[in-house]
Amino acid sequence: MYEYKTFDMRTPDGWNMINVPGEVHIDNQNREIIIINNNVYMVFNWTTRQQFIRQSSYLYITRDWRDVEVTIKIDNEPETNDDTNIELYYYSDEPGMKYFRLRLTLCKN
């Protein structure tokens, strides 16, 4: 499980950072990415996953709960190559939540 402190929406002027903490679950067995916060519970089932080793990233082609195709890119910080500095980028052609970013940290249990 990962957690985030801000929900960053892409605007023409840059990033609009909203203080909305939440968590992200990546379930490889069920092929799901789940994003949870106070207002949102989003489940994405991925159909394909590509790993880019040099960039330390994964690209997921997913379908959300409404059967809309969504692309999710997860970048590990290449300098550290660990699970402490991760960014999740979301892109959809649908209006509204077209593009956002979550800066994730691994929860230590």
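**Exercises: rings and strands**

Phe7, Phe44, Tyr90 and Phe100 form a cluster linked by ring pairs. This is a predicted model, where local features need pLDDT of at least 70, side-chain atom pairs count only at pLDDT 80 or more, and totals for chains, interfaces and linings use all residues. Residues are numbered from 1 along each chain as its sequence is written, and side-chain values use heavy atoms, with hydrogens and water left out.

**Exercise 1.** Describe the aromatic pair of Trp15 and Tyr89.

Step 1. Rings of Phe, Tyr and Trp (its six-membered ring) pair if their centres lie within 6.5 Å; planes under 30 degrees apart are stacked, over 60 edge-to-face, and the rest tilted. By this rule there are 8 aromatic pairs.

Step 2. Trp15 and Tyr89 lie 6.4 Å apart, centre to centre, with 50° between the planes, so the pair is tilted.

Step 3. Trp15 belongs to strand 3 (residues 14-18) and Tyr89 to strand 9 (residues 86-91), so the pair ties together parts 74 residues apart in sequence. Strands (E, at least two residues) are DSSP runs, numbered from the N terminus.

**Exercise 2.** Which charged ends sit over the ring of Trp15?

Step 1. The test asks for NZ of Lys or CZ of Arg within 6 Å of the ring centre and within 35 degrees of the ring normal.

Step 2. Arg10 has its charged end 5.1 Å from the centre of the Trp15 ring, and Arg101 has its own at 4.0 Å; both sit over the ring.

**Exercise 3.** Find the bridge partner of Phe7 in strand 10.

Solution. Look across to Leu102, the bridge partner of Phe7.

Definitions and conventions. Helix = DSSP H or I, 4+ residues; strand = E, 2+ residues; numbered from the N terminus. Pairing = 2+ DSSP bridges.
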